[in-house]
Amino acid sequence: MEANYAVIGVPTSAGAHHAGQERAPAALRAHGLVERLVAAGLDVVDVGDVAGEAFRPDDAHASARNLAAVVRVAGAVADAVETQARLGRTPIVLGGDCTITLGVVAGLQRVHDDVRLAYVDGDADLVAPGRKGSGVLDATGVAHLLGIADTALARIGRTTPMLGPHQLVMLGYDAGDPASFDAAALADRPRLLHFSDGAVRTDPRGVARAALAALDRDEARVVVHFDVDAVDSGDLPLADFPHYGTGVPVETAGVVLRELFGARRLAAVVLTEVNPTHDTTGELLRRYVETLVVALVTATESRRAS
């Protein structure tokens with residue numbers, strides 16, 4: 001029987017603040033992510049890794065650091081995702097920094113006419129490179145998807161901008177982070193649905209269902225991006241760039257993911273920003289994997305039963 005899910009590793013930290021995330025695909029496999037999904041009854045095949053890139057200091061291109069490497073990896077992700085989508089599989093993409101999500105969207109756009117994205121992230125990622133901030137590209141993903149940022153990364157999809165405001169829902173961002181949040185960009189896009197971390201804490205299930213109501217319609221395919229920094233680092237300090245006092249508990253993130261993974265036409269799951277070097281005992285990765293497995297298995301069984 002053909003596998004319903006295909007695991008693709010993307011060992012990259014090219015777009016990150018520092019090295020470490022390139023180790024995440026191997027660490028997640030070592031903690032039994034694939035085996036646990038299979039043992040729970042899901043049809044899963046692990047197709048291995050695309051060629052990744054490790055972080056390198058890039059002061060010469062400080063407004064968009066390591067852009068060439070980030071674009072190369074995103075292109076490799078797009079190719080791998082396209083291949084699996086044409087086989088009828090739903091990719092589970094293990095990152096890696098957040099720029100890989102642009103590759104996932106680009107790959108699916110080669111196969112499907114309408115690709116939409118639930119972006120669960122502790123950062124809004126709305127600010128274009130060079131405007132302010134570090135020049136780290138994984139803090140600019142939404143800006144690239146919506147055409148706010150104009151670099152080669154913004155032009156890897158079928159269209160530019162890659163997504164329209166109605167094709168994206170943002171969940172879990174910290175509205176108090178000026179390096180990532182841009183209220184004017186949201187105000188200029190009234191069709192862009194967005195929920196801050198406070199809204200998610202208050203009503204995680206309701207927020208997730210509202211996101212699905214906007215995204216999971218007609219023949220649209222839904223991608224779920226989950227950056228672990230949407231989880232309060234006081235509860236699970238696994239994110240590459242820690243977020244203490246913002247975000248949600250990991251259990252709340254699990255509630256949101258169970259709803260989003262239940263999309264009728266779930267097209268891909270993207271897992272980003274895990275830095276295994278922060279976990280000296282393995283307990284953090286164990287909790288993370290447990291949350292993901294329960295969410296994906298529960299949602300898949302619910303979809304099959306409906």
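**Entry 1: strand β1**

In which sense do β1 and strand β3 pair, and over how many bridges? I looked this up in the model, which is a predicted one, and found that β1 and β3 (residues 90-94) pair in the parallel sense over five bridges. As an example of the pairing, I noted that the bridge partner of Ala 6 in β3 is Pro 91. I then turned to strand β2 (residues 44-49), which also runs parallel to β1 and is joined to it by four bridges; here I found Gly 9 standing opposite Asp 49.

Next I checked how covered β1 (residues 5-9) is, and I recorded that five of its five residues are buried. Tyr 5, Val 7 and Gly 9 point one way from the strand, whereas Ala 6 and Ile 8 point the other way, and I found buried residues in both groups.

**Entry 2: helix α8**

I then listed the buried residues of α8, which are Pro 204, Val 207, Ala 208, Ala 211, Leu 212, Ala 214 and Leu 215. Because these residues cover an arc of only 160° around the axis, I place them on the same side of α8. I reminded myself that an α-helix has 3.6 residues a turn, so residues three or four places apart point the same way. When I asked what covers the buried residues of α8, I found that the list includes β4 (115-120), β5, β6 (193-196), α7 (197-202), β7 (221-227) and α9 (250-260).

**Entry 3: the nonpolar cores**

I looked next at the largest nonpolar core, which has 55 residues, and noted that Leu 37, Leu 171, Phe 226, Leu 260 and Tyr 288 touch the most other members. Helix α10 (residues 283-305) gives the largest share of this core, with 10 residues.

**Entry 4: Asp 182**

Is Asp 182 buried or exposed? I found its relative accessibility to be 9%, and because buried means under 20%, Asp 182 counts as buried. Asp 182 sits in the loop between β5 (168-173) and α6 (183-187), and a polar atom of its side chain lies 3.1 Å from the backbone nitrogen of Ala 184.

Note on methods: Residues numbered from 1 in each chain as written. Predicted model: local features only at pLDDT ≥ 70, side-chain atom pairs only at ≥ 80, totals over all residues. Heavy atoms only, no water. Core = buried A, V, L, I, M, F, W, Y, C linked by side-chain atoms within 4.5 Å. Buried < 20%, exposed > 50% of the residue type's maximum accessible area, 1.4 Å probe, protein only. Helix = DSSP H or I, 4+ residues; strand = E, 2+ residues; numbered from the N terminus. Polar contact = N/O pair within 3.5 Å; in protein donor to acceptor, adjacent residues only side chain to side chain. Arc of directions from axis to C-beta. Contact = heavy atoms within 4.5 Å. Pairing = 2+ DSSP bridges.
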